[in-house]
Amino acid sequence: MINVFPQPYQFEEKTGEFVFSDKVYLILDKSFDNPEFLELCPELWNNFTANKSNLEVIFQDGISGSAKIALKAEEPPKGGNTDFEYELECSENGIEILYKETIGLIHAFSTILQLVSAYRRKTNDFIVKNIHIQDKPALKMRGMHLCVFPETKLLFLTKLVRLCGLLKCTHIVLEFWGMLKLETLEQLAWPFAYTKEDLAPIFKYGKAFGVEFIPMYNHMGHATQSRFKAGKSVLLDQAPEYEELFLPGGWTWDVENSETLQLLKDVREELCEIFPDGEYFHIGCDEAYALDTRHDAHGPENETFINHVNTTAAHLKSIGRKPMMWADMFINHNKFAFPYVANATGRCHEYEKNFAALDKDMYLADWQYYIKEDQDGTVKFLSENWDAKKMVICPWDDIEHIRGMIRLAKKYELLGAIGTTWNTVNHEIKHMVYTACVMWDTDEEKTDVCTWETLKSFAAQNIRKLVPPMGVYQNAGFLETELFHMVD
């Protein structure tokens with residue numbers, strides 16, 4: 001094992017080392033097409049070298065697919081091809097990089113940053129030990145779902161986004177709990193919510209790491225944009241005259257109300273403008289607890305749910321987005337008892353007809369928080385009735401369950417996984433780190449040798465380099481203070 005997370009697919013450590021001090025050069029082909037990375041990589045290099053070494057990017061012609069970190073600007077990379085996402089060869093003369101696509105170079109750089117030694121104060125330099133790395137991911141989509149609560153500071157969100165980038169995540173689902181101001185309706189956000197201008201730097205950091213952001217807005221349950229336990233509603237606690245947009249209780253949108261549908265459509269379009277470069281849009285649609293308050297669960301066929309989902313999917317496709325939703329409303333608890341999460345019966349009783357009628361371009365996210373590797377019921381059921389390449393699994397908050405779910409994603413050759421973090425990411429960041437690692441690893445045993453102390457130490461060490469606190473106590477670490485009151 002080497003001190004790189006996620007662990008590379010394969011590596012060979014050799015004798016010798018690359019020694020550098022105040023200046024190195026990153027030699028790239030002129031065709032390299034990620035300007036955000038080019039802007040950020042010198043900052044990251046400086047951060048990871050205790051502000052003692054600078055990196056300058058140098059462009060050359062005709063070296064596409066290869067790059068080099070060297071002591072001299074005139075040293076071209078050796079070139080070549082690789083069957084891996086990226087390949088590194090570190091020697092006394094520098095670090096040779098081969099990559100297939102732009103993202104390969106970015107991921108190679110993330111690995112190199114972690115290979116850099118601590119500053120050697122006796123010799124005033126750094127080393128990277130000679131090593132040959134060949135690396136590739138196990139899953140295509142390796143996402144993280146991050147919630148932006150009223151208590152989520154932009155600095156903390158910046159730390160999470162940069163850490164996800166360093167961990168080679170491909171996607172970040174951003175769910176704003178009343179924390180994004182929308183022109184569609186002012187009261188859909190708290191007065192102290194963030195603006196799109198506030199978020200621009202965070203989007204830029206993600207793009208620099210090759211991360212795609214996925215906007216999310218709940219289109220059925222969770223209409224309060226607040227935790228169920230908190231009892232708040234972003235819209236109704238500011239503008240109670242909008243209560244007719246919801247079913248009784250305010251937790252679920254009334255999707256038979258044309259005004260509600262227009263509001264949700266306007267929100268989708270605005271979010272796609274705020275997230276301009278994405279491929280996907282997550283519509284939520286889980287835990288619609290109040291869905292049966294208007295209809296008899298044992299009465300005539302109820303098509304409200306599926307009509308709403310399919311109409312929403314059609315609109316998203318018309319504006320160039322792939323629709324994604326949670327899968328729990330298609331899973332019957334009579335067939336999948338606890339520990340499975342299944343919310344169809346009693347809330348969406350026509351789940352079999354709904355599933356059969358579901359838009360075939362929908363991407364399904366199966367969130368299961370309590371199952372282990374040998375409990376493949378929902379994954380098997382969904383993948384037998386759906387395109388596995390349009391499915392992701394979504395674990396949370398327990399290493400054994402995270403490992404089991406992601407192994408199922410690999411076994412059934414799903415598109416990938418999206419780790420969820422909800423309200424626990426600040427005090428249990430190890431789960432986010434572990435999730436990212438096992439999504440990448442083809443052999444989870446590489447990561448499983450890590451203790452939780454190792455995972456937390458990795459996060460702490462790299463967060464202080466990704467976003468240096470500059471000696472400010474409140475800016476250091478995961479939390480603003482050493483002691484905090486945790487509300488479950």
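Modeller: Let's start with K23, which is found in strand β2 (residues 23-29); strands are DSSP runs of E, at least two residues, numbered from the N terminus. This is a predicted model, where local features need pLDDT of at least 70, side-chain atom pairs count only at pLDDT 80 or more, and totals for chains, interfaces and linings use all residues. Residues are numbered from 1 along each chain as its sequence is written, and side-chain values use heavy atoms, with hydrogens and water left out.

Biologist: Why is K23 called partly exposed?

Modeller: Its relative accessible area is 28%. Buried means under 20%, exposed over 50%, and partly exposed in between (1.4 Å probe, protein chains only), so K23 counts as partly exposed.

Biologist: What makes the link between the side chains of K23 and E56 a polar contact?

Modeller: The value is 3.0 Å. The term asks for a pair of N or O atoms within 3.5 Å; within protein, one must be able to donate a hydrogen and the other to accept it, and residues adjacent in sequence count only if both atoms are side-chain atoms. The K23 and E56 pair is listed as such a contact.

Biologist: How do you know that β5 and β6 pair?

Modeller: Two strands pair if DSSP finds at least two bridges between them. Strand β5 (residues 86-91) and β6 have six, in the antiparallel sense, so they pair. They also form a hairpin with two residues between them.

Biologist: And what makes β6 mostly covered?

Modeller: In strand β6 (residues 94-99), six of its six residues are buried.

Notes:
Helices (H or I, at least four residues) and strands (E, at least two) are DSSP runs, numbered from the N terminus.
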